[in-house]
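Dear colleague,

Please find below the sequence and structure for your review. A short account of the findings follows.

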Amino acid sequence: MNKSELRKIIREKKRQFTQQQLDELSFIVIEKIKNHPAFKTAKRVLLYHSLPDEVCTHQLLCETEGKTILLPKVIDNENMVICEYNKNASLNKGAFNIMEPYGTPYTNYSEIDLAIIPGMAFDNNGNRLGRGKGYYDRLLEKMTSIYKIGICFPFQMVDNVPTECTDIKMNEIICN
């Protein structure tokens with residue numbers, strides 16, 4: 001199966017769940033993140049502002065204290081930057097209708113302790129299938145020492161994610 005076929009299968013599976021069911025599955029994943037040793041000790045965390053069909057990170061964004069939270073922002077057809085998330089500052093609707101922070105890009109990649117990354121599908125080897133644009137792969141390529149946790153719903157775990165040499169593996173996957 002190729003990447004586009006796998007994306008289509010996952011989209012179909014997502015449609016079988018109500019938003020409430022996805023929110024309930026999200027809660028389990030987010031609780032595991034909150035209790036994860038890498039998250040507890042991290043000072044700087046790359047996170048994401050979730051879309052309705054992704055593991056919901058909104059509660060985690062609101063409740064996290066004592067950490068610098070960084071969110072991605074699409075800047076062109078190939079690249080993202082990351083900016084600090086400030087709870088008191090508003091987010092802007094950016095590319096692909098994703099809520100994005102505004103401000104000066106954060107470039108001290110070596111200081112980021114943890115990245116929590118969404119995906120369409122993951123496998124037990126740490127392979128990740130994104131939405132097909134390669135934004136996260138290009139961003140994570142610049143962050144060689146960061147610990148990467150992919151998060152997803154249980155139905156997004158598959159036996160094998162097709163990969164290319166440019167795909168960045170996760171260190172760990174949490175699905176529930």
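**Aromatic pairs and ring contacts**

Across the whole structure, a search finds 2 aromatic pairs, where rings of Phe, Tyr and Trp (its six-membered ring) pair if their centres lie within 6.5 Å, and planes under 30 degrees apart count as stacked, over 60 as edge-to-face and the rest as tilted. Phe17 and Phe155 form a stacked pair, 4.6 Å centre to centre with 15° between the planes. Phe17 lies in the loop between helix 1 and helix 2 (19–34) and Phe155 in the loop between strand 9 (147–151) and strand 10 (172–174), so this pair ties together parts 138 residues apart in sequence. Helices (H or I, at least four residues) and strands (E, at least two) are DSSP runs, numbered from the N terminus. The rings of Phe153 and Phe155 are also stacked, with centres 5.5 Å apart and planes at 15°.

Phe153 is buried at 0% relative accessible area and Phe155 is buried at 11%, whereas Phe17 is partly exposed at 30% (buried means under 20%, exposed over 50%, partly exposed in between; 1.4 Å probe, protein chains only).

Lys67 lies over the face of Phe39, 5.0 Å from the ring centre (NZ of Lys or CZ of Arg within 6 Å of the centre and within 35 degrees of the ring normal). Arg138 lies likewise over Tyr135, at 5.7 Å.

The model is predicted: local features need pLDDT of at least 70, side-chain atom pairs count only at pLDDT 80 or more, and totals for chains, interfaces and linings use all residues. Residues are numbered from 1 along each chain as its sequence is written, and side-chain values use heavy atoms, leaving out hydrogens and water.

Kind regards
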